[in-house]
Amino acid sequence: MLNEAVLRRLAAKQHGVASRTQLLQVGLTPRMVRHRIASGRWVALGRNVVALGPVPTDTLGRAHAGSLAVPGATVSHRTAGHLHDLPGLRISAGGPVDVSTTDLNAAGPAGVRLFRRRRRVRSQYLDGVIVTTVPQTLFDLAAVLPAGELDRVVDLSFAQRRLPLAALEQMVDDQAGRGIRGTPALRRILSERRTGGGSESELERLFLERWAASGGLPPRQQVRMPWDVRVDHLWADEMVIGENDSRSWHTRERDFESDRLRDAEAASFGYLTVRITWGQVKYDLEETLVRLAKILRVRAGTASRDPT
């Protein structure tokens, strides 16, 4: 017997889509499913999936439909990167949903890009959708992205601490000798990032040139602070410190705690620290400059309201 309450919960849980098998499990007959589709109440999405209402256009709904279309499939590659909100990844609206499966005979319906794998991928649930983990997603993207875009996505992912460096290194080591596409590209990136992206002076020059060109408020340089620490940039009236960071991924990750202590000490004197990394200057400079200008405006407004 059909349980409408269970059907509503299924639709809510799966972003408005369900497989035909699931619909039979909650009590519908094949004839009832065909009738609801024929009446326009539901929409068939290929042979295996039904939209229980309007066809989903959001990424989560489309991803869930794509994974249900191929039994046992996992959302992967660009779609997984979108769901993880990986920085620097270009996504075309309405593009195909990427899914991976170990069923070498599987066929994907229209709108689904199928990747057949000999081994199961590492996955997790994200908002109810089974999707590749961040390290697995980066590994998969290494096989399909242009080199420049891959560099940007990996650099910004580490700059925003989306995953520990060791997790990606382990992923690459685990795939060694298997002839999997993407391995050489990630090995190159990891090797290059074991050293700094550029010198401290080069980073400072690039940042200051673009900051001045954008009309930014000029900071004082190499200032000794009252707590006996020298900082790279200081906006004294706004009480904002800028620190250049050209260190390698390894060094930056190792020094994370000491950097937080240094920032906390500055905060105890009322100063906000903004760290400017090589990745931000190389890939995300305009947004970095806009964000810094906003911080300075907010801090200037706060200082003007401070009765002391």
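This is a predicted model: local features need pLDDT of at least 70, side-chain atom pairs count only at pLDDT 80 or more; totals for chains, interfaces and linings use all residues.
Residues are numbered from 1 along each chain as its sequence is written, and side-chain values use heavy atoms, with hydrogens and water left out.

**Helix α6 and its neighbours**

- Helix α6 covers residues 134-141 and is mostly covered, with eight of its eight residues buried. Helices here are DSSP runs of H or I with at least four residues, strands are E runs of at least two, and both are numbered from the N terminus.
- With α8, the axes come within 9 Å and cross at roughly 55°. Axes are lines fitted to C-alpha atoms, for helices over the stretch in contact, and angles run from 0 to 180 degrees between N-to-C directions.
- That angle makes α6 oblique to α8; under 35 degrees would count as roughly parallel, over 145 as roughly antiparallel, 65 to 115 as roughly perpendicular, and the rest is oblique.
- The crossing of α6 past α8 is right-handed, meaning that the near helix is turned clockwise from the far one by less than a right angle, with anticlockwise being left-handed.
- P135, Q136, L138 and F139 of α6 meet A167, L168, M171 and V172 of α8 in this contact, where contact means heavy atoms within 4.5 Å.
- By class, this contact of α6 with α8 has seven nonpolar, one polar and no charged residues. Ala, Val, Leu, Ile, Met, Phe, Trp, Tyr, Cys and Pro count as nonpolar, Asp, Glu, Lys and Arg as charged, and the others, Gly among them, as polar.

- The 13 residues of α7 (residues 147-159) should span 18 Å at 1.5 Å a residue, and the end C-alpha atoms are 18 Å apart, which agrees. The expected span is 1.5 Å times one less than the number of residues.
- Ten of the 13 residues of α7 are buried, so this helix is largely enclosed by the rest of the structure. The buried residues are E149, L150, D151, R152, V153, V154, D155, L156, S157 and F158.
- α7 packs with helix α9 (residues 183-192) at an angle of about 55°, their axes 11 Å apart, and the crossing is right-handed.
- A147, L150, D151 and V154 of α7 make this contact with A185, L186, R188 and I189 of α9. By class it has six nonpolar, no polar and two charged residues.

- L292 is found in helix α14 (residues 285-305) and is buried, with a relative accessible area of 4%.
- Leaving aside neighbours within four places in sequence, L292 is in contact with F207, W211, W235 and V274.
- L292 and G242 are 50 residues apart in sequence and 9.3 Å apart in space, C-alpha to C-alpha.
- P54 has its place in the loop between β3 (49-51) and α4 (59-69), and counts as exposed at 75% relative accessibility.
- From P54 to L163 there are 109 residues in sequence and 36 Å in space, C-alpha to C-alpha.

Methods: Buried means under 20% relative accessible area, exposed over 50%, partly exposed in between (1.4 Å probe, protein chains only).
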